Amino acid sequence: MDALVKPIRADALRSSSVGQRTPLVDGVEKVTGRAKYTADLAAGDALVGAILRSPVAHGRIRAIDTARARALPGVRAVITGDDFAAPYGVIPIAQNEWALARERVRYRGEPIAAVAAVDAASAAAALAAIVLDIEPLPAYFQAADARAEAAVLLHHDKKGNIEREVDQTFGDVEARFAESHLVREQRFHYAEVAHGQIELNAAIASWEPESERLTSQSTTQVPYYLHLTLAQCLGIDSAQIRVVKPFVGGGFGHRVEPLAFEIVAAALARAAGGTVRLLQTREDSFLTHRGRPETDVRLKLGLGRDGSIRAVDCEIVQRGGAYGGYGLVTILYAGALLHALYRVGAVRYRGFRVYTNTPPCGAMRGHGAVDARHAFESLLDRMAGELGLDPFAVRRANLIEPPYRTLNELQVNSCGLPAALDWVEAASGWKARRASLPRGRGLGMACSHYVSGSAKPVHWSGEPHAVVSLKLDFDGGITVLTGAADIGQGSSTLIAQVVAEVLGVPMARVRIVAADSALTPKDNGSYSSRVSFMVGNAALRAAQELLRVLVAAAAKRLGVEIDRIEWLGEGCRVVGEDRSLDFAAVVVAALAESGTLTVKGTWSTPKETQGGKHRGGAVGSTAGFSYAAQVVEVSVDEDTGRVTVEKVWVAHDCGFAINPLAVEGQVQGAVWMGMGQALQEETQYHEGLSLRPNFLDYLVPTIAESPPIEVKLIESNDPLGPFGAKEASEGALHGFPPALTNAIADAIGIELNELPATPNRVLDAIDARRRADKLAASRARRLQQGG
């Protein structure tokens with residue numbers, strides 16, 4: 001039976017669950033409208049919750065007068081920051097945000113008070129009756145202003161308004177630059193962007209006064225972290241809380257940390273002694289934010305004559321907004337993932353996460369590394385041109401050969417980038433077409449990578465990274481109990497496929513119960529592409545344990561040694577004999593002694609994959625890196641500045657595609673999201689007021705702008721991944737923005753150092769080049785005349 005507990009790889013498959021194009025297990029419910037999202041849930045006579053937001057960007061709260069609001073008919077509860085026991089934040093060492101502001105407000109739109117009333121009109125009247133007395137303070141909307149010597153501190157313990165400063169050096173950077181054949185330096189600027197998830201934020205909280213128990217249902221990606229936060233902020237025991245995640249309509253990082261509206265809903269429910277439904281608008285989502293920060297990058301690269309990357313010097317400044325959130329992790333990711341895509345000789349990184357009076361930024365798909373990757377791939381392309389090298393040749397000159405340990409001690413065990421490069425080069429017709437395209441038409445390429453979950457969770461407790469339980473009862477159905485949050489990425493389907501594969505049973509025999517803290521094991525949540533790798537491994541181990549129990553029961557019933565049982569999935573037989581049991585009979589045998597069977601599987605990242613010992617060394621560490629290569633074809637109208645994406649070719653190394661249908665969809669979604677950031681998405685503020693808090697002014701690509709996206713899945717079979725699988729939904733995002741701007745450069749000779757590449761920015765770059773060309777021509781004429 002030892003074979004049952006060995007890692008199962010894709011090349012040892014025997015049934016037809018993994019590796020098959022499988023519709024999502026909850027797909028029918030979603031497309032028929034039967035799926036119930038938080039706002040759809042019946043809540044009986046629930047009260048209406050509403051939040052009052054700050055009208056100023058920065059100020060000292062002198063008084064909040066709620067007397068008139070409390071006296072209004074229909075109002076059941078009014079709360080302020082004084083009703084909370086503690087601040088919150090997803091990172092334990094950076095918890096400086098209150099669910100409702102206390103003492104100071106730090107951005108325009110910050111929650112400041114909340115009410116619960118019998119209907120929406122009564123709630124609105126109560127908010128209008130609250131009187132605020134706020135003393136204005138200087139406000140800073142740009143990182144440079146907040147870092148100025150005379151700037152008022154947004155948080156008293158953060159000198160210079162720096163949330164986190166990073167200073168890391170690996171190798172002799174100056175010596176490596178000195179030996180480089182070509183050294184270039186460039187500055188880049190990236191707009192702040194938002195997630196744009198379809199489902200609006202919502203929470204339903206129920207307080208049972210008699211038992212003093214709370215049930216919270218909300219649009220969260222991290223039920224476990226929400227559970228911890230509710231206990232901390234309300235000052236109650238975790239045992240009094242139940243967190244249930246209904247269907248979630250996307251997140252992309254917006255929901256990877258507990259958010260104020262969820263905590264406020266719970267506090268209102270307790271204050272009112274009942275149930276509160278709190279639904280947010282699109283504007284509320286933009287104010288809650290947690291998007292990708294406005295970022296400035298200074299990048300210096302040194303290359304050898306052959307294109308080898310000798311030295312990297314990078315400085316990044318992020319406008320983080322008013323509170324901590326994931327900020328310190330984001331600025332560390334930006335530097336950590338300068339490594340592990342290519343071999344590099346030496347790296348110096350300085351990062352600054354800056355507090356400003358804007359809505360807090362946080363994690364967003366491709367967390368931390370998207371902007372840095374654009375800068376890197378853009379400058380690398382330009383230097384390749386100066387060296388007379390093809391962009392593909394430069395990437396191939398720096399390929400990693402696993403197993404490989406990076407300078408910052410990240411472990412790479414598999415890398416399908418060589419195959420990815422080969423495929424996109426051939427599929428796009430790069431060699432034949434790139435030099436022959438007409439002006440205004442261009443091809444660009446870029447590479448990217450990402451983690452398959454963080455090797456160390458933000459709440460480090462020593463517990464397994466993932467736990468999955470399986471229950472088998474008289475009906476022969478296998479129930480998977482998991483705390484993992486399926487937010488549309490298809491993780492529940494993947495887990496069911498893994499269990500069905502190991503046991504050799506049809507998917508119809510497996511059902512999933514997910515993300516209910518009263519029923520399912522704790523899981524850290526859906527972020528950093530961790531679920532496939534970590535929860536997939538836990539599910540695999542749980543299924544192996546159940547298989548061990550079933551085989552042992554069958555052997556006992558048939559009166560033979562365990563090693564004489566051949567498992568057939570829907571039954572078993574004795575090797576060399578004509579005796580067998582069907583699955584139902586095996587279940588009866590297994591239940592005979594103890595009744596209902598419950599087994600579990602756990603998984604944690606090996607120590608060698610958990611990063612280095614230097615400060616911040618755990619960030620960027622993972623058990624498996626995905627890799628991707630991408631070619632983008634564009635057309636550029638030089639009269640209008642409009643850029644049209646004609647086609648995308650992307651090859652993504654996912655290790656092994658447990659569900660190719662879902663993986664292809666995730667890769668396409670990553671490309672599409674990268675296209676939004678590259679071409680049109682950006683937030684904008686005026687004196688802290690959000691100017692684009694809706695989908696009319698904040699532009700995301702529609703189906704009309706979506707190009708054909710041809711996907712090739714590369715299977716490098718990671719030795720640690722379940723069946724060899726690893727990340728599939730974020731890595732391809734990083735590669736699109738630089739591939740796009742490299743294509744624009746190929747089309748019209750314009751090098752863009754700022755995103756998004758809106759028509760106005762493209763036209764400005766064209767005008768700047770024309771002015772520069774005229775100036776150069778004028779100087780040449782003067783020199784000629786003077787000669």
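**Figure 1. Strand β8 and its pairing with β31 and β13 in the predicted model****.** His 189 stands opposite Glu 754, a residue of β31. Strand β8 comprises residues 182–190, and two bridges connect it in parallel fashion to β31, which spans residues 754–755. Strand β8 is also joined to β13 (residues 294–303), here by nine bridges and with the two strands running antiparallel. Within this second pairing, Tyr 190 has Thr 295 of β13 as its bridge partner.

**Figure 2. The open four-stranded sheet β18-β26-β27-β30****.** The four strands follow one another in the order β18-β26-β27-β30, and their pairing is mixed. The edges are formed by β18 (441–451) and β30 (709–714); each has a single partner strand, so one side of each is left without a neighbour in the sheet. On average, neighbouring strands of this sheet are turned by 15 degrees against each other, direction ignored.

**Figure 3. The surroundings of Gly 440****.** Gly 440 belongs to the loop that links α13 (430–433) to β18. With a relative accessible area of 10%, Gly 440 falls under the 20% limit and is therefore buried. When neighbours within four places in sequence are left aside, the contacts of Gly 440 are Val 634, Ser 635, Val 636, Ala 747 and Ile 748. Glu 199 lies 241 residues from Gly 440 along the chain, and the C-alpha atoms of these two residues are separated by 38 Å.

**Figure 4. The buried and exposed faces of helix α3****.** In helix α3 (residues 120–129), the buried residues are Ser 122, Ala 123, Ala 126, Leu 127 and Ala 129. These residues cover an arc of only 160 degrees around the axis, which puts them on the same side of α3. An α-helix has 3.6 residues a turn, so residues three or four places apart point the same way. The buried residues of α3 pack against the strands β1 (47–53), β2 (59–65), β3 (75–80), β5 (111–117) and β6 (131–136), and against helix α2 (67–71). On the face turned away from this buried side, α3 carries the exposed residues Ala 120, Ala 121 and Ala 128.

Technical notes: Residues numbered from 1 in each chain as written. Predicted model: local features only at pLDDT ≥ 70, side-chain atom pairs only at ≥ 80, totals over all residues. Heavy atoms only, no water. Pairing = 2+ DSSP bridges. Axes fitted to C-alpha atoms, helices over the stretch in contact; angles between N-to-C directions. Buried < 20%, exposed > 50% of the residue type's maximum accessible area, 1.4 Å probe, protein only. Contact = heavy atoms within 4.5 Å. Arc of directions from axis to C-beta.
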